[in-house]
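Good morning, colleagues. Please have the sequence and the model open, and I shall take you through a few of its features.

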Amino acid sequence: MLNENIIEKVIDKALSNGADFAELFVENTFNSSIAFNDNKTKQNIVGNDYGAGVRVFYGHTAIYAFTNDLSEEALLKAADAVSKAAKGGDVVTSIDLTKRDITNIHKVIIPNNTIAKKEKIDFIRKVNEASRGYNNQISQVDIRFMEKNQHVMIANSEGLHVEDNRNYSRVYVSSIASNGTEKQVGGEGPGRFAGYEFFNSIDPVELGKETARVAVTMLNADYAPSGKFPVVIDNGFGGVIFHEACGHSLETTAVAKGASVFVGKMGKKIAFDKLTAIDDGTMPNEWGSENIDDEGMETKKTVLIENGILKSYMVDKMGSLKTGFARTGSGRRQSYKFAPASRMRNTYIANGNDDFNEMIASIDEGIYAAKMGGGSVSPGTGNFNFSIGEGYMIRNGKIAEPVRGATLIGNGADALLKISMISDNMEMAQGMCGSVSGSVPTNVGQPAIKIDEIIVGGRK
Amino acid sequence: MEENKGGAEMYSKEFETIFAYAKDKTDDIEILLSAGNSFSVKINEQNVESFNYADSKGIGVRIITGGKVGYAYTEKFDEETFKRIVDEAIENAKYTEDDDLVIMENYPENKDCPNVYSKELDKVDVSDKIQLAKDLEKYAKQADERVFNVPYAMYADGKSYSRIANSKGLDREDTQNYAYSYVGVLSAEKDDKRMGMDFLITRDFSKFDPKKMAEVSVKKSTDLLNGLPVNSGKYPVVFNNEMMATMLATFSSIFNAKSVQEGRSLLKGKIGQKIADEKVTIVDDSLHPEGFSTSAFDSEGYPTEKTVLIEKGILKTYLHNTITARKDGVRSTGNAARGYKGTLGISTSNFMIEAGEHKEADLFNKHDSIIEIVSLQGMHSGANAISGDFSLGAQGFLWENGKRKHSLKPFTVSGNFLQMLSDVEAIADNFNFDISSNGASSVLIKELNISG
């Protein structure tokens with residue numbers, strides 16, 4: 001992407017005031033998106049994100065600058081600015097970069113932007129027709145078809161020089177059911193770290209129908225009750241509970257500052273005995289996967305919690321310097337506009353051996369959350385919330401009538417200990433996770449789990 | 001970002017290149033450019049945790065060909081790329097099926113826009129900015145021994161330039177700057193941990209008072225300690241001014257004419273109807289001198305204005321761009337919104353519920369038992385702007401007979417936004433804008449569901 005001679009000059013310049021470490025990140029990204037609603041292709045946009053970020057460390061201080069101008073002059077100016085923001089010790093000069101080829105573990109068969117627009121629109125139309133055809137209460141279908149091809153180059157003062165090419169494909173469908181006075185929504189957003197072959201692998205009719213089914217079910221549902229209940233949260237996006245209740249608090253971004261409920265808990269029991277949780281960037285073509293992180297390190301499979309015991313945080317380079325724990329290839333960023341930070345990849349609770357039906361049968365009155373919406377957490381307090389997208393009452397050990405979306409709240413340290421059963425149907429779902437280094441693709445996942453008690457924010 | 005020399009438009013060469021190339025290929029073209037620089041510093045344990053400098057620019061085109069619209073953008077600035085984005089936008093237009101009539105015009109200019117740029121702010125020394133952030137952390141730690149961590153102590157500022165021009169001769173530009181700072185503290189007592197935050201956004205650096213901001217955030221955090229569980233049920237609820245602004249912003253899309261026309265808003269067909277209590281007046285004002293979403297023109301270059309959306313409970317209008325306005329047979333309200341990377345939509349600017357006449361304390365005298373909400377979580381997941389339903393994580397206090405009795409353990413609040421607007425019992429006079437230019441006073445709602 002850039003001449004090695006220029007990269008070396010920029011890194012040398014960034015180090016010239018005695019910085020401990022310098023890094024250059026260059027990005028050239030092609031985005032394409034189609035927005036469809038009202039039975040029509042409404043908006044069509046393509047674009048080019050292009051820029052570079054220079055980062056230096058002085059001790060535990062990180063300095064970052066970015067620019068859209070990739071000329072030698074502009075990059076040296078950015079490097080000069082970051083170098084002068086602090087004063088270091090001995091100056092290391094003339095770094096020697098060695099271009100390293102990375103192993104591509106995520107094969108792309110049909111690269112993004114090589115398929116005709118018409119084919120994409122045909123796919124979208126099939127989703128739209130399937131949703132509208134499901135039930136005459138479907139009043140609107142919104143579909144967003146997104147492709148992204150991100151080419152990155154990362155070089156640093158330790159001699160690293162790597163490039164990678166990342167293909168992302170995702171379609172987001174939101175169906176609205178209406179009975180004249182009320183409206184409810186059903187949404188699905190499948191995506192992969194892959195090319196167009198992903199769209200060929202999904203059935204647009206099933207996708208459309210599924211969103212319509214949830215919207216119509218929720219339209220004809222009553223409100224959820226209020227109070228404390230046992231809850232069974234099913235697989236897929238249900239994994240958002242671990243993501244919010246625990247995941248963010250295991251990122252060194254929070255841990256290094258002491259602003260996490262899991263500080264000082266390494267090697268200690270923090271969860272139910274049978275709970276094992278993993279953050280894995282190596283799963284082939286999964287939405288949160290990568291070959292290398294945004295600091296140029298090979299991504300890894302990181303066991304966070306094993307049988308209830310805290311085994312690892314998610315650690316980026318600065319997090320490693322601050323906490324002393326080894327890096328886990330977790331340094332991620334939305335784009336060159338952000339300095340990297342420790343972030344989740346594909347994060348999931350591993351399969352247990354409890355039977356799903358026995359879980360339901362163990363509850364007299366509770367909630368079954370078939371699908372979850374999003375959520376959020378304050379890592380410092382551990383207080384989290386997430387919302388139910390498709391819910392049902394559990395009565396006398398059986399799944400009963402549907403109930404409308406309610407928010408569940410709890411405290412991370414607490415909720416992990418209140419998990420009492422883990423099933424064996426692990427599945428993942430795709431999301432965009434927002435934090436200090438921007439919005440990055442992440443998978444959440446889990447088998448069905450039972451939580452003995454959680455606050456349900458219903459209206460009855 | 002280039003220096004603005006004597007009011008002459010910046011990036012003229014880029015605009016000329018694109019216009020010249022597009023002239024014979026498109027019916028009309030609009031070019032939107034954003035450029036800016038920004039700075040931020042974060043402090044941890046009295047050391048600089050991070051410095052960020054940004055220098056960014058991007059250009060987006062919206063073209064009309066054969067009555068169809070196409071978009072493309074780039075952050076790479078060279079002649080070849082500029083020509084490519086015009087061609088890509090034309091290609092994109094071929095696949096657009098929207099039958100809305102889209103017209104570009106040379107709209108009249110708004111002459112009276114409040115000043116949104118401070119030369120003085122650009123001159124503030126970096127060392128003063130760092131000191132401010134350090135002081136935030138220092139004072140926060142000193143303020144109360146229950147504070148165990150200050151995860152956020154930061155200062156940021158920036159300057160942005162935008163220019164929009166179209167092939168009908170419209171050409172507008174705008175330069176703005178801003179500075180903001182926030183501090184977030186964690187305090188603990190027994191098992192209860194709480195976060196408190198305070199912020200200020202301004203163009204006058206002398207307005208930052210780190211001691212006061214630190215003390216406010218610490219008080220917000222420590223007041224919440226030792227929370228007791230709430231009994232689930234229905235309660236009268238007071239949203240403080242900050243949380244009322246958050247609620248308003250979360251449901252702002254119900255006023256968006258595009259959402260209305262596409263069947264995604266609860267307000268469809270309700271113009272002229274009473275949809276809220278008569279104490280409620282909701283306004284969007286792009287020309288508000290104290291807002292930070294102030295601009296004389298919108299993303300189509302259309303002149304902005306103060307728009308009354310709900311007047312004494314009656315729905316008066318939706319927020320429009322020229323496309324939705326043409327469809328409804330009304331005038332645009334100047335709320336077209338688009339970044340160079342995006343497509344044309346509609347958004348609020350300085351968006352607010354007008355202040356009432358009550359002192360905030362009076363609100364708590366209106367019922368024996370009231371729940372005060374001072375913090376909300378999960379707005380992006382627990383609130384559904386299409387149905388109006390919300391179920392949110394919340395923190396706050398129980399009031400009895402006009403006295404704040406005690407803090408509550410985290411609970412949920414749920415209801416429906418439109419119902420809530422009809423159930424407004426009293427509005428206080430403590431109007432304030434939040435950091436995103438949504439403004440409100442504290443508001444008493446007759447009844448909402450609380451679960452804990």
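In what order do the 6 strands of the open sheet in chain A run? The order is β12-β11-β10-β15-β22-β21, and the pairing is mixed. Strands here are DSSP runs of type E with at least two residues, helices are runs of H or I with at least four, and both are numbered from the N terminus. Two strands pair if DSSP finds at least two bridges between them.

Before going further, a word on provenance. This is a predicted model, in which local features need pLDDT of at least 70 and side-chain atom pairs count only at pLDDT 80 or more, while totals for chains, interfaces and linings use all residues. Residues are numbered from 1 along each chain as its sequence is written, and chains are lettered from A and ligands numbered from 1 in the order in which they are written.

To return to the sheet, β15 (residues 346-349) of chain A is joined by 3 bridges to β22 (residues 438-446) of chain A, and the two run parallel. There, Thr347(A) stands opposite Val444(A). Helix α6 (residues 240-247) of chain A packs on the sheet, where it touches β10 (277-280), β15 and β22 of chain A. The direction of α6 makes about 100° with that of β15(A); axes are lines fitted to C-alpha atoms, for helices over the stretch in contact, and angles run from 0 to 180 degrees between N-to-C directions. Contact requires C-beta atoms, placed from the backbone, within 7 Å.

I turn to the two chains together. Their contact takes 57 residues from chain B and 62 residues from chain A. On the chain B side, strand β2 (residues 47-65) gives the most, with 11 residues. Strand β3 (residues 61-67) of chain A runs parallel to β2(B), joined by 6 bridges, and Tyr64(A) has Asn52(B) as its bridge partner.

Tyr64(A) is also touched by Val82(A), whose other contacts, not counting residues up to four places away in sequence, include Ala14(A) and Ile63(A).

Leaving aside neighbours within four places in sequence, Ser369(B) is in contact with Tyr235(B) and Glu400(B).

Note on methods: Two residues are in contact if their C-beta atoms, placed from the backbone, lie within 7 Å.
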